[in-house]
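This briefing sets out selected features of the structure shown below.

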Amino acid sequence: MKPLSVEAYIPYTPPARTHAPASSTILTSGSTWRYLVTSGDPDPGWKSNPLFNDTDPPWYGGPSPLGYGGQGSPSVTIASEGGTCVDECVGTVASPPSCKTCTARSITTYFRKKVNLTNVSGSSFTMRYQRDDGIVLYINGTEVIRENMPLAPAPISYTTLATAFPPDPDEVVWVSVDPARYSSLLTEGQNLITTEIHQYSATSSDIRFNLELIQSTPTSSTFTTGAIWQYLVTSGDPDPSWKSNPLFNDTNPPWYDGASPLGYGEQGDIVPPATKPPTVVDQGGTCLDECVGTVATSPSCKTCTAKSITTYFRKKVNLANVAGSSFSLRYQRDDGILVYINGTERVRENLPAGTITYSTTATAIPNNAEELTWVTVPVQASWFAEGQNLIAVEIHQTSATSSDIRFNMELLQAPNTVSITRGPYLQLGTSSGASSGATVRWRTNVPTTSRVTFGLSATSLTGVVNDPTSTTEHEVRLTGLQPDRQYFYSVGTTSGVLEQGPNNYFKTAPLLTSKRKIRIATFGDVGTNVNTNQAYVRDAFLKFRTDRGDSLTNLWMLTGDNSYDGADSQYQTNFFNPFKSSLLKNTMLYTVPGNHDYFDYIGYPSAPNRWVEHDMPYYDMFSLPTNAEAGGFPSQSEQYYSFDYGPIHFVMLDSYGKNPVQVSSTSPKINRGYYEDVTTVGYEIPNAQIKWLKQDLEATTQKWKIVYMHHPPYTRGTHDSEAGNSATDDSILVRTRERINPILERFGVDMVVSGHSHVYERSYPLHDHYGYMSEFTVPTKVFPEDRGSGRYDGSPNTCPYKNTSEKEKQGTVYVVSGSSGALEPTAPNLGLHPAMVPGTTQKLMGGSFYMEVEDNRLDAKFLLSGPGSYTITDQFTMMKDVDKTQSLTITNGQSATLSASFISDYVWSSPTSPTFTATDRSVVVTPTTSTTYVVRDSKNCLLDTYVVQVTGTGTMFTVKTGNWNDPTVWSGNRIPVSTDMLQIKHNVTIPASLQAHALSLKFDPATKLIYGLGAQLLLSL
């Protein structure tokens, strides 16, 4: 992909008066890099010291791309691209290196490049790279990127292996670097760019490195140094309209014209010091006469005793496309300055507060160097109007005897560069027969059209969906996709790509009958502690995913409080920005709202009706199913909804907001949420959400049923489900337990996942516990088979929790996972809730909740997170429809396939056939008599029993002379078994050592059986 040039600004130098578009490629493919092939870590100065000695050991030079082996698909060599083939042989490095065939190759290769930059602050940059396998990139010694490498802050050394390797097509894909990562690290003058390329193994067959850096400049300017200004030398205040009226009469007293810079006296400090500083004339500017009362017709530099305290400057400029442009305004001044744009004051420097007049003197004197320093003004496009604009400036002296004055200004305009400010992120993954779909969302800084290209390969995006509507909120629906397939995508406008790369992908939803493994991550109360706990949880989960070798997570679930004041800006800072480069762009996202998403902090506590729905940013930024687009029962509301993903039915509830019924602000707060039948002020309020919940659970036919909501019915963390006071938020927990849990349990819900309490807690599979903690007892509230930990790790009392697919009360696990951002380790210790499995609660550190569902098995884990690490502190397993006893009947000689009902390991045996063993999930058996088979797991938690009844076929007879064990001898074309009655019409031989079976025998005249040595015939009759 060709990099996008981002326009910015560079200073103007006379005599030119306008800027032309400019974009210079500082580094391109083909640029010469220094590189080191070694067998150990280089001196640390290699990545930060421009004067680093690169002669011992020797660094070599060559044009990029650099590497060896086949590159991309179809494979080409580096040499065929005009690049440099490096020798990676450890201990046998040639001088200079060349491609060799080596058994042991260098794990890490190092690259350095010095580049000189000018006008860094006035420019924007685009950087991209190619790598195989892992890369670490530094600019001026600071790490910018690490990809396919252990996550920061893990140390990187020569022996560090890459954690993944790009497939062949991705070796030559350009990967763009977010300018926010490096633009502030670039400096005026010399810069040092260094990289490390790490192999996935010491025997890797290829390596590749390439990098490009592009600097971009503005497309237009309104005026720069050398522009003509009107100026007034006077001894009093001019008419007030001079700064606001474009038609102001500037002939009496006379205003004069001159090119900037304007002033008199020596300007700035020049090296060497002995050289006299120049005047504005030396710089092509205009020398002003500041003599009070002796103004010349055409002013010239005079030597005066009394000088003008204030000089006035005016300039009219015509602007077009103001709303679609960015502006850069900067000035030089000596001494004080006041700037008006269209009559409104925008800048005041080195001047007092209050009213400013001609006689107001400056409050400070810029030193010699500061006289020439450009001061940049943060400009808003709203300051300007389409068409004619007036810029007016006052320069004030510190005294009437000041020796010099200076004024200069530049205003540059450029069309707004389109950039992505949010996302992309993924919503509404659906599966419907042969047609699946997904929604891609993103936000841009300026309104543009929308385009998504997509395909089954990162290098072949053949599908296109366009939306010609100009907007900053982009929402593109992709349809007609194949189910359960990984797609890559790009986002942009109808005229260009804004983001594309190997990490922009999603997997479409599987069919509802799918039995493959589904991976689900849950982050609770994530919208805070961005640089501490939230970052630890995010990075720990990504490391966990890498350690397991998983390339993607299918679903990312948020349990609410995704932002802590509900504002769009807070969502941007505390959610979208931190997850932009990881989970957002490649994981299907679903969420429920929490109390903080409902602007909980705005107006509290003065607004007693704060729970009533606002025009919430939450509902604008997420695309959630309301009409069963992804399965489930239509809710017609984004407050609550459901969807199906493979064999799982997810129900997403709103436990804080209120259904659209009007309740007065004095009504009890328990009217928030989804409660079933709340009586208030003598009348009953119907609740749409509870009605829908029952309809939805009644309608679903999926094997698994999992519910998400923000408020947990059981917790002793930073909130207390024992609090029954209706004036507190925790009363929601009590009402939920009383009024919602019975519905969920009645329909066989397997698990409820919540947040709100900033801890991790996990219950037994509970039933019929709707009261307070003091009423809970394990024997009556937990079924006998579910009173273990469910860890399924081979330790005592840890077998999986088991239930069936039926909609009946079977025990529901309640998980509280609300510490993915928010964390309160100093909160009052409320103790442990007895409904929680001992040893599973975590209150002092944060983490995330992870599930894998494969057909009828669910495995869940809590990932306790720390800086750069994670620990699995809880895990449990649930299984459905296992421990089965089956009976089947076969005919003698037939085979039967037996398959275990569970997913685990397998130990097969038969109490009626002691020699039978197997270890596969499925076995094929051909018993000759009725036989019982059993299969267990190695932990003795699971057991299936199969009773195979064998029936005979009646009488069989011989059709020719031959051996007993030859099927063609017998009329059934099979060997007789113990249930067969046989008619011997020909002589038959039982071979030596063979044990034959029959129910009975009859012989025709002159026929006989012939026994070999050790042969036997066993008759069942």
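Two strands are taken to pair if DSSP finds at least two bridges between them. Helices (H or I, at least four residues) and strands (E, at least two) are DSSP runs, numbered from the N terminus. The model is predicted: local features need pLDDT of at least 70, side-chain atom pairs count only at pLDDT 80 or more, and totals for chains, interfaces and linings use all residues. Residues are numbered from 1 along each chain as its sequence is written, and side-chain values use heavy atoms, with hydrogens and water left out.

**Chain overview**

- The chain contains 8 helices and 58 strands.
- Of its 1021 residues, 54% are buried, where buried means under 20% relative accessible area, exposed over 50%, and partly exposed in between (1.4 Å probe, protein chains only).
- Among contacts (heavy atoms within 4.5 Å) with a separation of 6 or more, 70% are between residues 24 or more positions apart.

**Strands 46 and 48**

- Strand 46 (residues 896-899) and strand 48 (residues 922-925) run antiparallel and are joined by 4 bridges.
- Ser899 has Ser922 of strand 48 as its bridge partner.
- In a regular strand the side chains alternate between the two faces of the sheet.
- On strand 46, Ala896 and Leu898 form the covered face, whereas Thr897 and Ser899 form the uncovered one.

**Helix 2**

- Buried residues of helix 2 include Val537, Phe541, Leu542 and Phe544.
- The buried residues of this helix pack against strand 30 (517-523), helix 3 (568-576), strand 42 (847-854), strand 43 (857-866) and strand 44 (869-880).
- Gly549, which follows helix 2, has a positive phi, near 75 degrees.

**Disulfide**

- The structure holds 1 disulfide, defined as a pair of cysteine sulfur atoms within 2.5 Å.
- Cys799 is joined to Cys941, with an S to S distance of 2.0 Å.
- The two cysteines lie 142 residues apart and link distant parts of the chain.
- The torsion about the S-S bond is about -80 degrees, so the disulfide is left-handed.
- Cys799 is partly exposed at 31% relative accessible area, whereas Cys941 is buried at 10%.

**Pro366**

- Pro366 lies in the loop between strand 21 (344-349) and helix 1 (368-371).
- Pro366 counts as buried because its relative accessibility is 5%.
- The C-alpha atoms of Pro366 and Asp335 are 6.2 Å apart.
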